[in-house]
Amino acid sequence: MAPSPLIALKGVDAGYRHSLVLHGVDFAVDHRSFTGIVGPSGAGKTTLLRLLLGSLKPASGTVERAPGVAVSYVPQLETVNWNFPITVAECVQMSRTGRRLPWASRTERAEVADVLERLGIGDLGQRHIRELSGGQQQRMFLARALIRQPQVLLLDEPTSGVDISTRHDVLHLLADLHDEGIGIVLTTHDLNGMAAHLPDLVCVNERIVAQGPPDAVITPDVLEQTFGARMEVLQHLGMLVVVDSSGPGRLAG
Amino acid sequence: MEALLDPLQYGFFQRGLIVATLSGALLGFIGVYIVLRGMSYIGHGLSHAIFGGFAAMQLFAASFYVLGAGLWGIASAIAITNVARRSRLGADAAIGVITTASFALGVALFARFGSSGPAFDNALFGSILGITNSQILWLVLVTAFTAIVVFTRYRALLFTTFDPEVADVSGVKVGRTEALLMIVLSLAILVTLTVIGVTLVAAMLVIPAVVARMLTDSFGRMLVLSTIVGAISGLVGMYLSYYAGVPSGTMIVLVGTAVFLVVLAITGVRGMRRTVGLDSHAAPNVKEAIRP
Ligand SMILES: Nc1ncnc2c1ncn2[C@@H]1O[C@H](COP(=O)(O)OP(=O)(O)OP(=O)(O)O)[C@@H](O)[C@H]1O
Ligand SMILES: [Mg+2]
């Protein structure tokens with residue numbers, strides 16, 4: 001029996017001032033979710049995350065949330081103001097908005113230290129945020145998200161611009177969090193390195209083209225509808241590999 | 001030593017010194033938020049907008065007008081933020097209209113009812129003279145209010161300044177927090193206008209914050225340093241203005257600039273690099289996310 005959803009979009013149209021970006025979206029997140037959103041640039045992936053997050057209101061349709069559900073967000077690194085004067089510890093602490101006083105309490109400092117430790121950046125608390133590698137920056141925002149003890153974690157392109165081993169780490173970390181019962185939804189451009197490893201995928205291009213496990217949605221037909229280009233799908237060592245057929249041997253995504 | 005103690009025998013100088021130091025500290029403190037939000041042009045516009053109300057207050061010297069000027073400033077602050085939020089292109093034009101009209105009104109009031117000459121210059125560039133105890137009281141009250149606001153909303157202010165969208169969904173009342181900041185800003189401008197001057201207030205919002213940014217990568221430390229730089233500029237500037245016989249605002253800003261140059265010489269390229277993108281109007285933190 002499926003658990004009742006924490007967030008459910010029903011027949012949602014949404015967009016920005018001048019135009020609608022998403023049409024007729026039905027989508028639900030629960031604490032078992034581990035879903036990747038894929039689609040071309042401008043397809044509305046980030047927009048879908050904003051709807052789940054609640055920072056964007058639907059133009060029509062409904063968004064239902066379980067009462068008191070805690071949702072955390074990890075932004076795309078490209079959108080962050082890296083020149084802002086802030087240290088890693090300050091950045092993580094910031095999202096503990098329950099506390100009013102400027103400085104951290106003793107327990108809070110311990111919590112921050114714990115979560116940084118857990119993410120493997122325990123000794124970087126006093127660094128400026130720009131003085132981290134891409135993978136460490138990703139973990140810092142993950143720390144900021146986790147310290148709020150979310151039930152749902154939303155991540156925008158968590159593996160863009162990081163190397164293969166960091167991507168691996170991030171994926172494992174997310175798998176651990178998923179095992180702990182945190183619902184996870186992320187967007188990705190990386191079909192082979194990321195999407196194919198997730199249990200559940202949503203293909204988006206202004207509407208939901210398909211949703212299901214990789215076997216079901218990583219097919220030439222669905223990919224063509226989503227990306228507007230013909231791709232081939234191969235099996236390699238039990239994994240799906242998407243190949244751009246217009247240029248043999250070149251990996252898509 | 002003589003030079004430092006001598007002017008202190010005059011009550012007007014004592015008052016001027018208190019007001020200049022506290023004003024520098026207050027503007028330096030708030031300036032951190034203003035600069036990091038890329039809003040210094042709003043500070044500039046606001047000081048001119050408040051000038052109309054300020055002129056009325058100065059000329060008619062009734063407490064009713066203090067209130068009037070305050071409300072005037074806050075109203076224009078909120079009008080400006082709302083306009084600025086809606087569209088980039090229209091914002092500058094609208095701010096230009098609101099502020100210059102209000103400024104012109106202030107000038108007209110001075111010309112019609114004021115004693116011409118010195119009083120007008122004082123309002124533009126700041127003056128040691130004519131600072132009353134009630135002005136000091138107002139300044140102290142606004143400083144205390146600012147401290148309380150920042151103290152109790154430290155994280156909300158930081159979060160909305162750094163990352164408004166995520167702040168919004170993390171339970172921070174972004175709109176309310178921004179409105180509060182604008183109110184604090186207009187009150188601060190109002191009570192510091194006398195000593196700094198209309199045309200120079202914006203400089204004191206920017207210079208200490210930039211200097212502090214060059215010295216640190218931590219937000220908390222930037223707040224403290226900026227406040228100190230502002231206070232020192234006010235204090236030293238007041239003395240220099242006394243001896244040089246020039247308007248206090250000019251000297252306060254020049255001292256701030258000197259501090260900037262010294263810090264630049266010390267921190268060099270590293271300091272400069274830290275200020276990249278600071279107060280960039282092109283990178284507003286307000287993201288549009290509304291119904292079509
Ligand atoms: N804040 C905004 N205001 C107006 N239009 C926007 C805004 N954000 C996105 N859009 C538009 O909405 C559409 C979908 O954008 P969205 O960011 O959801 O795409 P995406 O799938 O995340 O793309 P990418 O893979 O490049 O991140 C685009 O056409 C974009 O220009
Ligand atoms: Mg996106």
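Biologist: Which helix of chain A gives the most residues to the shell around ligand 1?

Modeller: In this predicted model, 14 residues surround ligand 1, and the closest include Lys45(A), Thr46(A) and Thr47(A). The element that gives the most to this shell contributes 4 residues. That element is helix H1 (residues 45-53).

Biologist: How much of the accessible area of ligand 1 does the protein cover?

Modeller: An oxygen atom of ligand 1 is 2.7 Å from a side-chain N or O atom of Ser41(A), and an oxygen atom of the ligand is also 2.7 Å from a side-chain N or O atom of Thr46(A). A polar side-chain atom of Arg50(A) lies 3.5 Å from a nitrogen atom of ligand 1. Of the 630 Å² of accessible area that ligand 1 has on its own, the protein covers 64%.

Biologist: How many residues of the shell around ligand 1 are nonpolar, polar and charged?

Modeller: The shell around ligand 1 holds 14 residues. They divide into 4 nonpolar, 6 polar and 4 charged.

Biologist: Which residue of chain B forms a salt bridge with Arg144(A)?

Modeller: Arg144(A) belongs to helix H4 of chain A, and the pair crosses to the loop between helix H8 (154-162) and helix H9 (164-169) of chain B. Both partners are buried. The closest N and O atoms are 2.8 Å apart, and the partner is Asp163(B).

Biologist: How many residues apart are Lys10(A) and Glu64(A)?

Modeller: The side chains of Lys10(A) and Glu64(A) meet in a salt bridge with an N to O distance of 3.1 Å. The pair links distant parts of the chain, with Lys10(A) in strand S1 (residues 7-15) and Glu64(A) in strand S4 (residues 60-65). Lys10(A) counts as partly exposed because its relative accessibility is 43%, and Glu64(A) does so at 40%. The separation between Lys10(A) and Glu64(A) is 54 residues.

Biologist: Is Glu157(A) buried or exposed?

Modeller: Glu157(A) is found in the loop between S6 and helix H5 (164-179) of chain A, and its phi is positive, near 50 degrees. Most residues other than glycine have a negative phi. The relative accessible area of Glu157(A) is 9%, and a value under 20% is the criterion for the class. Therefore Glu157(A) is buried.

Terms used: Residues are numbered from 1 along each chain as its sequence is written. Chains are lettered from A and ligands numbered from 1 in the order in which they are written. This is a predicted model: local features need pLDDT of at least 70, side-chain atom pairs count only at pLDDT 80 or more; totals for chains, interfaces and linings use all residues. Side-chain values use heavy atoms; hydrogens and water are left out. Helices (H or I, at least four residues) and strands (E, at least two) are DSSP runs, numbered from the N terminus. Buried means under 20% relative accessible area, exposed over 50%, partly exposed in between (1.4 Å probe, protein chains only). A residue is near a molecule or strand if one of its heavy atoms lies within 4 Å of it. A polar contact is a pair of N or O atoms within 3.5 Å; within protein, one must be able to donate a hydrogen and the other to accept it, and residues adjacent in sequence count only if both atoms are side-chain atoms. Accessible areas come from the Shrake-Rupley method with a 1.4 Å probe; for residues, only the protein chains shown count as cover. Ala, Val, Leu, Ile, Met, Phe, Trp, Tyr, Cys and Pro count as nonpolar, Asp, Glu, Lys and Arg as charged, and the others, Gly among them, as polar. A salt bridge is a side-chain nitrogen of Lys or Arg within 4 Å of a carboxyl oxygen of Asp or Glu.
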